Amino acid sequence: MPEQSKAKMYKELSRREFLLFAAATLMLSSGCDGLRGRRPRIGLALGGGGAKGLAHIPMLEALDELGIKPYRIAGTSIGAIIGALYADGLSGAEIRALVEQFLIKEEALLQLIPVPGSLRWLDFIDPALDGGGLLDSDDFIAFLGETISARRFRDLDIPLKVMAAELWSGESVVLDSGELLPALQASMALPGVFPPVEHAGRMLVDGGVANPLPYDLLMDECDVVVAIDVSGDRKLDEEDGLSFLGVLFHSFHTMSGNILAAKLEQQRPGILIKPDITKVRVLEFYKAGQVFAQALPEKQSLVKTLKRLMRRFDDRPGCAVFHPEPWL
């Protein structure tokens, strides 16, 4: 690309978009020879964050709008669940419709049986005081089983890596083969809230204990990794005060944030997106509309960055040239 054209393109970018674009371009350029004859392989990493994880959905819609199909997906907790839905063949719009359909049904129920907003998620969750957690996620997993057609990892349209953690050692456990639903249940088993899940001879808990945003699982297989951090703000909600759940959620959020910060110092993904999600607690899934609205600016930023990558990467012989039409 002529230097004059490059300068004009960079001038059009905001500082933040420029940094995203430059990082992804640098990653691609370092492996240019390996791209000869094929399109770049895009990896998608989806982080944990409870209800804030609904912010992943607009980012999936961004990929759909550009005709980009990820080569690999890795997810932790809610990121693993949404990643599984996407890897199973549902579009971002279909996943959004699934969430909104559930909320509509929930609102209709609430007209008959008023329930405080903070308790609406109990629709799919039962108490489980004797199983190592406060709540039982079996009903929610059963709901997922009715929605996802794949029963084993090999049945998915896109290869998926699910991040969990071993209860006793805290070591990361990557699940990418065998039964799908138990892996998803393990990945979302937030310690103290949901019971640990026995799977493949191990007791597993939420992947956020070891790897809250598993972009590193994709770095060796993909040319560019798009990582979505949905952890949002890390302030203790004043409404929670020093309640049991408030302290538990905030402590876990802080721990996961520290783990991710340390990872980012060692290795960064090609494109890192972090929607500014505020005033949404871990289990407040009924705030989906609020989450979607707050995620919109980052979706637009992601679209701009990917469009520029697709439009043109490098003019050297043998390197991939990006075009705005659907690819991968």
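Start by selecting residues 138-147, helix 6, together with residues 180-187, helix 7: the two pack at an angle of about 140 degrees, and their axes lie 10 Å apart. Axes here are lines fitted to C-alpha atoms, for helices over the stretch in contact, and angles run from 0 to 180 degrees between N-to-C directions. Helices and strands are DSSP runs (H or I, at least four residues, for helices; E, at least two, for strands), numbered from the N terminus.

Before going on, note that this is a predicted model, where local features need pLDDT of at least 70 and side-chain atom pairs count only at pLDDT 80 or more, while totals for chains, interfaces and linings use all residues. Residues are numbered from 1 along each chain as its sequence is written, and side-chain values use heavy atoms, with hydrogens and water left out.

Back to our pair: helix 6 and helix 7 are oblique to each other. (Under 35 degrees counts as roughly parallel, over 145 as roughly antiparallel, 65 to 115 as roughly perpendicular, and the rest as oblique.) Now show side chains for D138, I141, L144 and G145 of helix 6 and for L181, L184 and Q185 of helix 7, which make the contact; contact means heavy atoms within 4.5 Å. By class, that contact has four nonpolar, two polar and one charged residues. Ala, Val, Leu, Ile, Met, Phe, Trp, Tyr, Cys and Pro count as nonpolar, Asp, Glu, Lys and Arg as charged, and the others, Gly among them, as polar.

Next, select helix 3, residues 56-66. Nine of its 11 residues are buried, so helix 3 is largely enclosed by the rest of the structure. Buried means under 20% relative accessible area (1.4 Å probe, protein chains only). Colour these buried ones: H56, I57, P58, M59, L60, E61, A62, L63 and L66.

How do helix 3 and helix 4 lie relative to each other, roughly parallel or oblique? They pack at an angle of about 30 degrees with axes 11 Å apart, and are therefore roughly parallel. Look for H56, I57, L60, L63 and D64 in helix 3 meeting G79, I82 and Y86 in helix 4.

Last stop: E284, in the loop between strand 10 (271-273) and helix 9 (288-311). E284 is buried, at a relative accessible area of 3%. Its side chain makes a polar contact with the side chain of K287 (3.0 Å). A polar contact is a pair of N or O atoms within 3.5 Å; within protein, one must be able to donate a hydrogen and the other to accept it, and residues adjacent in sequence count only if both atoms are side-chain atoms.

Conventions: Buried < 20%, exposed > 50% of the residue type's maximum accessible area, 1.4 Å probe, protein only.
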